[in-house]
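Thanks for coming. I will show one model and then go through a few of its parts. Please have a look at it before I go on.

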Amino acid sequence: MGLENHTQISEFILLGISEDPGLQPVLFGLFLSMYLITVLGNLLLVLATVSDPRLHTPMYFFLCNLSWVDVGFTSTTVPNMLLNLHTHSRAISHAGCLAQMFFFIFFIDLDIFLLTVMAYDRFVAICHPLRYAAIMSPQLCGQLVLGFWVINALYSVLQSLLVLRLAFCPPVEIPHFFCELNQVVHSACADTLPNDLLMYVATFLLVCCPLTGILHSYSKIVAAIWKISSTRGKRKAFSTCASHLSVVSLFYGTLLGVYLSSAVTQDPRATATASVMYTVVTPMLNPFIYSLRNQDLKKALRRLCDMKPLKD
């Protein structure tokens, strides 16, 4: 079979989480519920933050962006999975698969960058409180977010173009519920060395380096909190970063757990099931983690739900 025939593939087959027909309605109801909760929870968080001028600070600016990204991140994979469960079809077009990979890479890396800059924001707030307003200026915050969007868009385009050059031997079955980059690349009937090299370099630059930055920020934060003499002061300082620390632990814990387990397990379907944790569960829980641990945000949410005007 020639290369021309290889490249004329029109669709991929997503094997999903389970092929058991009896589980399809259960999975459809479960993921539809989680998706609606994710979208509603994150949009409520955005509306509460935007509607309360007292929350127009760098921390909540990044939190709003994180909520938008989480909605986009989940919307990249879950609606297509729901459609496949509803129609009992596992096919996704070649163009649809490329688009899904592009947006998945784009949003997951934005998630990582935002969590990193939020850790730096907490570091500045706790370790350099007098210089916080000067360092975390609105101009810097806007430039950081814009820079993240541009960098991630360029990287996502690069990965998509490298996948576009690959030849595939139909039928191509992906043991996942979405077009996961690594699974798609290693389903190709072609040399994937350029793709593998870019993935390794990107993993170091876009995952390991931000994680190192987060750990460094929190090492400085812990050292600064340790120097506070009063227990109440320590508790107050830690409470300002507890929500972010919980979200970082949940996101990186599930993400690293999935990819480390995939290196030792022989069952790709188990890896796909575990991926639900960071692709669906984590974005769903983020609004609850932030709102339950943050009194200002809880007050803003109450005012929003009660439709009460803000009083000075």
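Let me start with a question: is histidine 94 buried or exposed? Before the answer, some housekeeping. This is a predicted model, in which local features need pLDDT of at least 70 and side-chain atom pairs count only at pLDDT 80 or more, while totals for chains, interfaces and linings use all residues. Residues are numbered from 1 along each chain as its sequence is written, and side-chain values use heavy atoms, with hydrogens and water left out.

Now the answer. Histidine 94 is buried, because its relative accessible area is 18%. Here buried means under 20% relative accessible area, exposed means over 50%, and partly exposed is in between, with a 1.4 Å probe and protein chains only. Histidine 94 lies in helix H4. Helices (H or I, at least four residues) and strands (E, at least two) are DSSP runs, numbered from the N terminus. Leaving aside neighbours within four places in sequence, histidine 94 is in contact with Ile9, Ser10, Glu11, Phe12 and Leu164. Contact means heavy atoms within 4.5 Å.

Next, the core. A nonpolar core is a set of buried Ala, Val, Leu, Ile, Met, Phe, Trp, Tyr and Cys residues joined through side-chain atoms within 4.5 Å. The largest one here has 92 residues, and Phe12, Phe31 and Val184 have the most contacts inside it. Helix H4, residues 94-127, gives the most to this core, with 19 residues. As for valine 184, its contacts beyond four places in sequence are Phe12, Cys97, Met101, Val163, Phe168, Ile174 and Cys179.

Now two helix pairs. Helix H6 (residues 138-164) and helix H8 (residues 193-226) pack at about 160 degrees, with axes 10 Å apart. Axes are lines fitted to C-alpha atoms, for helices over the stretch in contact, and angles run from 0 to 180 degrees between N-to-C directions. H6 and H8 are therefore roughly antiparallel to each other. The cut-offs are under 35 degrees for roughly parallel, over 145 for roughly antiparallel, 65 to 115 for roughly perpendicular, and oblique for the rest. On the H6 side the contact includes Tyr155 and Leu158, and on the H8 side Pro194 and Asn195. By class, this contact of H6 with H8 has 9 nonpolar, 2 polar and no charged residues. Ala, Val, Leu, Ile, Met, Phe, Trp, Tyr, Cys and Pro count as nonpolar, Asp, Glu, Lys and Arg as charged, and the others, Gly among them, as polar.

The second pair is helix H2 (residues 24-51) with helix H3 (residues 58-87), at about 160 degrees and with axes 9 Å apart. That makes H2 roughly antiparallel to H3. The contact of H2 with H3 divides into 20 nonpolar, 8 polar and 1 charged.

Last, some backbone details. Most residues other than glycine have a negative phi, and most peptide bonds are trans. What is phi of histidine 88? It is near 60 degrees, a positive value in a residue other than glycine. Histidine 88 lies in the loop between H3 and strand E2 (91-93) and counts as exposed, at 64% relative accessibility. The peptide bond from proline 170 to proline 171 is cis, with omega near -5 degrees. Proline 171 is found in the loop between H6 and strand E3 (173-174).
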